[in-house]
Amino acid sequence: AELLRKSASIAQDTGKNETVAVETDLSGDLPLVVKSDANWLYMILVNFASNSMKHTSQGSVTISARRAGTSHLRLEVSDTGSGVPAEFVTSLFQPFTSASTNATSVESTGLG
């Protein structure tokens with residue numbers, strides 16, 4: 001829970017404080033301890049949340065955590081942004097690829 005709140009705090013510091021709210025949504029049955037690499041998990045969550053902030057002009061970005069079975073967690077970053085155009089979905093996880101267009105241009109390295 002602390003890691004998600006810390007990630008949300010970093011994302012909130014992007015300068016859109018008045019137009020985009022960053023929230024955490026944590027289920028009540030989360031374990032007290034999770035075996036993971038906290039540094040990598042933190043970097044991933046901050047990266048996803050920061051990308052959401054870049055592409056959301058108003059509304060919210062939510063970082064959530066839920067149990068997924070008995071030994072896994074499901075972490076999600078969701079936002080109220082415009083979404084990814086359908087023609088870019090197949091290239092989402094290709095390095096140095098960005099779905100930005102001239103009309104929606106946002107500074108991006110395509111590494112997220």
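**From one serine to the whole fold**

Biologist: Leaving aside its neighbours within four places in sequence, which residues is Ser7 in contact with?
Modeller: Contact here means heavy atoms within 4.5 Å. With neighbours within four places in sequence set aside, Ser7 is in contact with Tyr42, Leu45, Val46 and Ile63.

Biologist: Before we go on, what pLDDT do local features need here?
Modeller: Residues are numbered from 1 along each chain as its sequence is written, and side-chain values use heavy atoms, with hydrogens and water left out. This is a predicted model: totals for chains, interfaces and linings use all residues, side-chain atom pairs count only at pLDDT 80 or more, and local features need pLDDT of at least 70.

Biologist: Thanks! Is Ser7 buried or exposed?
Modeller: Ser7 sits in helix H1; helices (H or I, at least four residues) and strands (E, at least two) are DSSP runs, numbered from the N terminus. Buried means under 20% relative accessible area, exposed over 50%, and partly exposed in between, with a 1.4 Å probe and protein chains only. The relative accessible area of Ser7 is 0%, so Ser7 is buried.

Biologist: Which residues in H2 do those of H1 meet?
Modeller: The axes of H1 and H2 (lines fitted to C-alpha atoms over the stretch in contact, with angles from 0 to 180 degrees between N-to-C directions) lie 9 Å apart, at an angle of about 40°. From H1, Leu3, Leu4, Lys6, Ser7, Ile10 and Ala11 take part, and they meet Ala38, Leu41, Tyr42, Leu45, Val46, Ala49 and Met53.

Biologist: What pattern does the protein chain follow along the sequence?
Modeller: The protein chain holds 2 helices and 3 strands. Reading along the sequence gives α-β-α-β-β.

Biologist: Which are the edge strands of the sheet?
Modeller: The open sheet of 3 strands has mixed pairing and the order E1-E2-E3; two strands pair if DSSP finds at least two bridges between them. An edge strand pairs on one side only, and that describes strand E1 (20–26) and strand E3 (73–79).

Biologist: How many bridges join strand E2 to E3?
Modeller: Two of the pairs are Arg67 with Leu73 and Ile63 with Val77. E2 and E3 also form a hairpin with 5 residues between them, and Gly69 in the turn has a positive phi of about 85°. Strand E2 (residues 59–67) and E3 run antiparallel, and the number of bridges joining them is 7.

Biologist: At what angle does helix H2 run to E3?
Modeller: Helix H2 spans residues 38–54 and lies across E1, E2 and E3. Its angle to E3 is about 20°.

Biologist: How many residues make up the largest nonpolar core?
Modeller: A nonpolar core is a set of buried Ala, Val, Leu, Ile, Met, Phe, Trp, Tyr and Cys residues joined through side-chain atoms within 4.5 Å. Members of the largest one include Leu4, Ala8, Val22, Leu45, Met53 and Ile63, and its residue count is 11.
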